[in-house]
Amino acid sequence: MEIIILPGAEDVAHTAADIIEERLRSGPSVLGLATGSTPLGTYRELIDRHRRDGLSFAAAQAFLLDEYVGLPASHPESYHSVIRREFTDSVDFPADAVHGLDGASYPAAEAARYDASISAAGGVDVQILGIGTDGHIGFNEPMSSLASRTRIKTLTGQTRRDNARFFAGLDEVPEHVLTQGLGTIRQARHLLLLGLGEAKADAVAAAVEGPVAAICPASALQLHPHVTVLLDTPAASKLAHTEYYHYTLGRKPAWQGF
Ligand code: PGA
């Protein structure tokens, strides 16, 4: 894991966009996209680069991490709608190249179809991830199997409360979701975990410096050979080894890249 602690959310967005831009400019790419608040700055930065510098997504494909069960794609808070509104409709992503889970389909069949479609696309090159306050990535809640594939999960009360801000009230937040599994996510070639704000500090510390354990699903990333963790200073505030992470970054060989 490479842990990079930056002063603020804008620096995190800029560095994440640099990594994604480098991948896009190297050839046709498969991006793994996350929803939630954390990646929004990165998406805004990529939209700016598309408008300003002609950064193109025309040869790219995208796969979403997860979706609410029971919300039709047309619902404004389905992740199908959210990613189009917040990102892909504002760049030159072909509409049929943005793939998501269908929350209105029979979940077991939809999960199997989705894993097969990721494989058929050649797998994900760069996967953007946020982290939940309970340590989830995607919607893999605590005690998710570290080997899990895409499947239905039941949201914790904490996650439903965290996400109630996107709905008219807590009662409207679906109880079930479809999510790429931890095993599915770990097949992406480069994982980019973004953490912003003090509310994420405990989860980040458990994921990065705690044991690999299903109680903190994001700790499964420790088993992956290429993970970049981009944090603002508040999200990094509970880490014990920040001095070492800054020291390492200061000595990063110029040829190494991310
Ligand atoms: P957030 O959610 O980016 O809205 O904080 C992250 C997550 O739940 O994975």
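**Close-up views of salt bridges and pockets**

View 1. Let's start with Glu-2, which is partly exposed, with a relative accessible area of 21%. Please keep in mind that this is a predicted model. Buried would require under 20%, so Glu-2, at 21%, falls in the partly exposed class. Glu-2 pairs with Lys-252 in a salt bridge whose closest N and O atoms are 2.7 Å apart. Because Glu-2 belongs to strand 1 (residues 2–6) and Lys-252 to the segment after helix 8 (242–250), the pair ties together parts that are 250 residues apart in sequence. Side chains of opposite charge can pair when their charged atoms come close.

View 2. Where do Arg-113 and Glu-110 sit relative to each other in helix 4? They are three residues apart in this helix (residues 107–120), so about one helical turn separates them. Glu-110 is buried, at a relative accessible area of 6%, whereas Arg-113 is partly exposed, at 40%.

**View 3. Arg-189 meets Asp-125.** The closest N and O atoms of this salt bridge are 2.9 Å apart. The pair links distant parts of the chain, 64 residues apart: Arg-189 is in the loop between helix 6 (182–185) and strand 9 (190–195), and Asp-125 is in the loop between helix 4 and strand 6 (126–129). Is Asp-125 buried or exposed? With 10% relative accessibility, Asp-125 counts as buried, while Arg-189, at 42%, is partly exposed.

**View 4. The largest pocket.** This pocket has a volume of about 440 Å³. Its lining is made up of 24 residues, and those nearest its centre are Gly-36, Ser-37, Ile-131, His-136 and Lys-200. Helix 5 (residues 157–163) gives the largest share of the lining, three residues. Sorted by class, the lining has nine nonpolar, eleven polar and four charged residues.

**View 5. The second largest pocket.** About 150 Å³ of space lies here. Glu-2 and Lys-252, already met as salt-bridge partners, are among the residues that line this pocket. Other lining residues include Met-1, Pro-225, His-226, Thr-248 and Phe-258. By class, the lining has four nonpolar, five polar and two charged residues.

How values were computed: Residues are numbered from 1 along each chain as its sequence is written. This is a predicted model: local features need pLDDT of at least 70, side-chain atom pairs count only at pLDDT 80 or more; totals for chains, interfaces and linings use all residues. Side-chain values use heavy atoms; hydrogens and water are left out. A salt bridge is a side-chain nitrogen of Lys or Arg within 4 Å of a carboxyl oxygen of Asp or Glu. Helices (H or I, at least four residues) and strands (E, at least two) are DSSP runs, numbered from the N terminus. Buried means under 20% relative accessible area, exposed over 50%, partly exposed in between (1.4 Å probe, protein chains only). On a 1 Å grid over the protein atoms alone, a cavity is a set of points where a 1.4 Å probe fits but cannot get out, and a pocket is an open set with protein on both sides within 12 Å along at least five of seven lines; lining residues have an atom within 4 Å of a point. Grid points are joined across faces, edges and corners, and a volume is the space filled by probe spheres set on the points. Ala, Val, Leu, Ile, Met, Phe, Trp, Tyr, Cys and Pro count as nonpolar, Asp, Glu, Lys and Arg as charged, and the others, Gly among them, as polar.
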